[in-house]
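The structure itself is shown first.

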Amino acid sequence: MNIQALLTEKVSQAMIAVGAPADCEPQVRQSARPQFGDYQANGVMAIAKKLGMPPRQLAEQLLEKLDLTGIAEKVEIAGPGFINIFLARDWLQLQIDSALSSPRLGIPQEKPQTIVIDYSAPNVAKEMHVGHVRSTIIGDAAARTLGFLGHKVIRANHVGDWGTQFGMLIAFLEKKQNENHEEIALADLENFYREAKRHYDEDPEFAERARRYVVKLQGGDEYCRKMWKCLVDITMAQNQKVYDRLNVTLQRDDVMGESLYNAMLPGIVSDLKAKGLAVEDDGATVVYLDEFKNKEGEPMGVIIQKKDGGYLYTTTDIACAKYRYETLHADRILYYIDSRQHQHLMQAWTIVRKAGYVPTSVPLEHHAFGMMLGKDGKPFKTRAGGTIRLSDLLDEAVSRARTLIADKNPDMSDSELSQMAEVVGIGAVKYADLSKSRTTDYIFDWDLMLAFEGNTAPYMQYAYTRVISVFRKAGIDENSVQGAVIIGEPREASLAARLLQFEETLLQVARDGTPHLMCAYLYDLAGLFSSFYEHCPILAAAEEATRNSRLKLALLTAKTLKLGLDMLGIRTLERM
Ligand code: ARG
């Protein structure tokens, strides 16, 4: 149930009835405090100003026209002209029942759009490292949420699979194959890359071969193509293991790497020239942008083709945006990329818009995030100063979770312990990232993320198992609870209203691409449930009708927590 939309509609009608313009903004918001009701309409002051009326007087007239029969039990004017709306308990009861009777918890699908989400994007022949974690995890939560709301989500894994380094990598792969005469497993991609580079720097003959291979690869040579594909396959097979372990929905087919746009690049350069946007400058092709200034305060030059004919990261991103609109028919394009690439994207998109490759009706959104920092506030590194391999990070998370769980449950079997440690450990890493407002840098702190208190995965996962344990302990089948929801206590009313705000949270995450809002919502919901659980006995309720009603509130809480965590890609357990 989208209560905000319903109330916005009602308040708007009343506003228009008292003379407000048709495009007036009722500004209906969830109230921050219970004494202000469940919702507030804050738009009266602005409209009163426009109409040249005292705001309280306008508010009074508005209340006469505002028809919330059956929805609200009280509507009040507060302060200079705020309108506080208190939802009616019998209305809440009906909404809870209707949410429970639907597999989607009463959440309708939105008008479907084609939405491309660019996330993860590791580089070929390189290990995925902590720098790719944030994009992968946050982007996947956005993909899940938008998919649930009925959109056609295209997951675009913009893998770094092209560039001059591939000559060197192919030459090295060939060398390895000749030495081993068997399929090689690039178990350690990082080493592979480093060794290839060392050969390139130290062995002139190798370097010469590498340079020949780049040219051949670009010319579509069959052998080089095959070797290139082998490198991509090995890398992506390795990354797929990480995705699966992370419970990230990306698949092999979602790879749309840089190479995909290669054939478009010459056409883009000549088109930008023909449109007068690009010019030749000292042999290179450059687009000068007034929107960006260089150090001298002059329009910044963005190179799209180098003197030697090579194309750049920017050229590829120009083509990529064009492709996503023209070929994939995107209505909206989201990029989950770290904030250091912001200027790069803005330059590429300024050119894209000027050239008319993507109309302004199709948003290009950079969902930037900061870096992952260690506890010392410096970029997150191993003790020796190297980048942390993602798989090592996840192993550590699981082993730490295992120790914590084993301490709490000394009698747990080994296999149960392993399974639980995986769910809690991986969940903790993901949730820590998801729950932060993603534009800022974030400090990676094992103790905080694995705490069973606070806005963490273990706390949320535990909250879920606690709710469903009510059913298990009493041997009650969740689906057999009869009777209607009856709201008596204020704590039941607060829990019910918050449960019904799940849809508003989903819509906000979908609109702003910000999964941390879902974490905040679920954390708040878990807190409200705790307080309800403490003060409103469920199984020990005196009346059977009260007991059943409370079981239903518990059931909707459990389902909401589970679905919400699922939108975040966080697994739950039935017991902990
Ligand atoms: N592969 C790049 C990196 O590792 C990220 C690519 C992001 N996507 C894009 N369309 N530029 O930094």
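This is a predicted model: local features need pLDDT of at least 70, side-chain atom pairs count only at pLDDT 80 or more; totals for chains, interfaces and linings use all residues.

## The hairpin of E3 and E4

Ala-78 stands opposite Phe-82 in strand E4, and this pair belongs to an antiparallel pairing in which strand E3 (residues 72–78) and strand E4 (residues 82–87) are joined over six bridges. Three residues lie between the two strands of this hairpin, and Gly-79 takes a positive phi near 55° there.

## The N-terminal segment and the domain assignment

In an unreviewed entry, UniProt lists residues 1–87 as "domain: Arginyl tRNA synthetase N-terminal".

The domain assignment divides out domain 1 (3–87), domain 2 (165–259) and domain 3 (390–567). Between the C-alpha centres of domain 1 and domain 2 the distance is 62 Å.

## The open sheet E7-E8-E9

Three strands form an open sheet with antiparallel pairing, and their order is E7-E8-E9. Strand E7 (278–281) and strand E9 (299–305) are the edge strands, each of them pairing on one side only. From one strand to the next, the twist averages 45°.

Helix H12 (residues 342–354) packs on this sheet, where the helix touches E8 and E9, and its direction makes about 100° with that of E8. On the pairing itself, E7 and strand E8 (residues 284–293) run in the antiparallel sense and are linked over four bridges; Val-279 has Val-286 in E8 as its bridge partner.

## The shell around the ligand

Which residues surround the ligand? The shell consists of Asp-118, Ala-121, Asn-123, His-158, Gly-160, Asp-317, Cys-320, Tyr-335 and Ile-337. By class, the residues of this shell divide into four nonpolar, three polar and two charged.

Two elements of secondary structure, helix H11 (313–326) and strand E10 (332–338), each supply at least two residues of the shell around the ligand. Among the residues that surround the ligand, Asp-317 and Cys-320 fall within the range of helix H11 (313–326), whereas Tyr-335 and Ile-337 fall within that of strand E10 (332–338).

Note on methods
Residues are numbered from 1 along each chain as its sequence is written. A residue is near a molecule or strand if its C-beta atom, placed from the backbone, lies within 6 Å of it. Ala, Val, Leu, Ile, Met, Phe, Trp, Tyr, Cys and Pro count as nonpolar, Asp, Glu, Lys and Arg as charged, and the others, Gly among them, as polar. Two strands pair if DSSP finds at least two bridges between them. Axes are lines fitted to C-alpha atoms, for helices over the stretch in contact, and angles run from 0 to 180 degrees between N-to-C directions. Two residues are in contact if their C-beta atoms, placed from the backbone, lie within 7 Å. UniProt positions are given in the numbering used here, feature names are shortened, and annotations may be inferred rather than shown by experiment. Domain bounds come from an automatic or database domain assignment.
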